[in-house]
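Here are a few exercises to work through with the structure open beside you. Try each task before reading its solution.

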Amino acid sequence: MTETAKMSEFCWNELATSNLQGAKDFYGNVFGWEFLDIDMGDMIYTKIKRNGNEFAGIWSIPKDKQKEIPPHWISYILVEGLDKALEKAVKNGAAIVKPATNAGDFGRFAIITDPAGAYIALWQSLTA
């Protein structure tokens with residue numbers, strides 16, 4: 001996640017794709033983005049960089065989930081406490097799509113829809 005994000009601001013963007021290499025080729029050629037693959041054990045997570053600044057990531061949608069999960073971009077909002085943020089969001093009309101989930105030692109995230117149905121992710125960093 002970006003180090004310059006402040007609480008309640010967008011801190012990360014993420015692409016879910018069924019064609020990782022195709023995405024790298026497209027965004028690399030069009031925008032000059034650079035990519036760093038990280039082996040997460042059960043998957044490869046690709047960080048996106050430009051001018052030395054990490055600002056987004058890419059993950060491959062598993063083949064058995066590609067009919068359920070379309071390729072998409074999602075943005076993350078930095079929150080101090082994920083559980084409290086989820087509670088507040090639900091009280092204000094959000095629906096939880098993916099409950100609080102650990103992302104290794106890096107943080108915790110959840111995905112919600114706002115009252116109009118737009119998807120957004122919440123991120124709580126576990127690193128300083």
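A polar contact is a pair of N or O atoms within 3.5 Å; within protein, one of them must be able to donate a hydrogen and the other to accept it. Keep in mind that the model is a predicted one.

**Exercise 1. Find out what surrounds the side chain of Glu14, and which side chains it makes polar contacts with.**

Solution. 
- Start with the location: Glu14 sits in strand β1, which covers residues 10-17.
- Next, look for a charged partner. Glu14 is buried but has no salt bridge, and the nearest side chain of opposite charge, Lys98, is 9.9 Å away.
- Now check the polar contacts. The Glu14 side chain makes one with the side chain of Tyr45, at 2.6 Å. Another, at 3.5 Å, joins it to the side chain of Trp59.
- Finally, list the neighbours. Leaving out residues up to four places away in sequence, Glu14 touches Tyr45, Gly57, Trp59, His72, Trp73, Ile74 and Tyr76.

**Exercise 2. Work out which parts of the chain are joined by the salt bridges of Asp37 and Arg108.**

Solution. 
- The structure has four salt bridges in total. A pair qualifies when a side-chain nitrogen of Lys or Arg is within 4 Å of a carboxyl oxygen of Asp or Glu.
- Take Asp37: its partner is Lys24, with the closest N and O atoms 2.9 Å apart. Asp37 belongs to strand β2 (residues 34-39) and Lys24 to helix α1 (residues 20-31), so this pair ties together parts 13 residues apart in sequence.
- Compare how accessible the two ends are. Asp37 is partly exposed at 40% relative accessible area, while Lys24 is buried at 13%.
- Then take Arg108, which pairs with Asp83; here the closest N and O atoms are 3.2 Å apart. This bridge links distant parts of the chain, with Arg108 in strand β7 (residues 107-113) and Asp83 in helix α2 (residues 82-91), 25 residues apart.
- Arg108 is buried, with a relative accessible area of 18%, whereas Asp83 is partly exposed at 48%.

**Exercise 3. Decide which residues of helix α2 are buried and which are exposed.**

Solution. 
- Pick out the buried ones: Leu82, Ala85, Leu86 and Ala89. They cover an arc of only 100° around the axis, which puts them on the same side of α2.
- See what they pack against: β6 (95-103), β7 and β8.
- Turn to the other side of α2, where Lys84, Lys88 and Lys91 are exposed.
- Lys91 also forms a salt bridge with Glu87, the closest N and O atoms being 3.4 Å apart. Both residues lie in α2, four residues apart, or about one turn of the helix. Lys91 is exposed at 66% relative accessibility, and Glu87 is partly exposed at 46%.

**Exercise 4. Find the largest nonpolar core, and say which element gives the most to it.**

Solution. 
- The core has 11 residues: Ala5, Cys11, Trp12, Tyr45, Ile74, Tyr76, Leu78, Phe109, Ile111, Ala121 and Trp123.
- Sort them by element. Those giving two or more residues are β1, β5 (72-78), β7 and β8 (119-125).
- β5 gives the most, with three residues.
- Zoom in on Tyr76: its contacts beyond four places in sequence include Cys11, Trp12, Phe109, Ala121 and Trp123.
- Apart from this core lies another, of 10 residues, including Leu82, Leu86, Ile120 and Leu122.

Terms used:
Residues are numbered from 1 along each chain as its sequence is written. This is a predicted model: local features need pLDDT of at least 70, side-chain atom pairs count only at pLDDT 80 or more; totals for chains, interfaces and linings use all residues. Side-chain values use heavy atoms; hydrogens and water are left out. Buried means under 20% relative accessible area, exposed over 50%, partly exposed in between (1.4 Å probe, protein chains only). Lys and Arg count as positive and Asp and Glu as negative; His and the chain ends are not counted. Contact means heavy atoms within 4.5 Å. A nonpolar core is a set of buried Ala, Val, Leu, Ile, Met, Phe, Trp, Tyr and Cys residues joined through side-chain atoms within 4.5 Å. The arc is that of the directions from the helix axis to the C-beta atoms.
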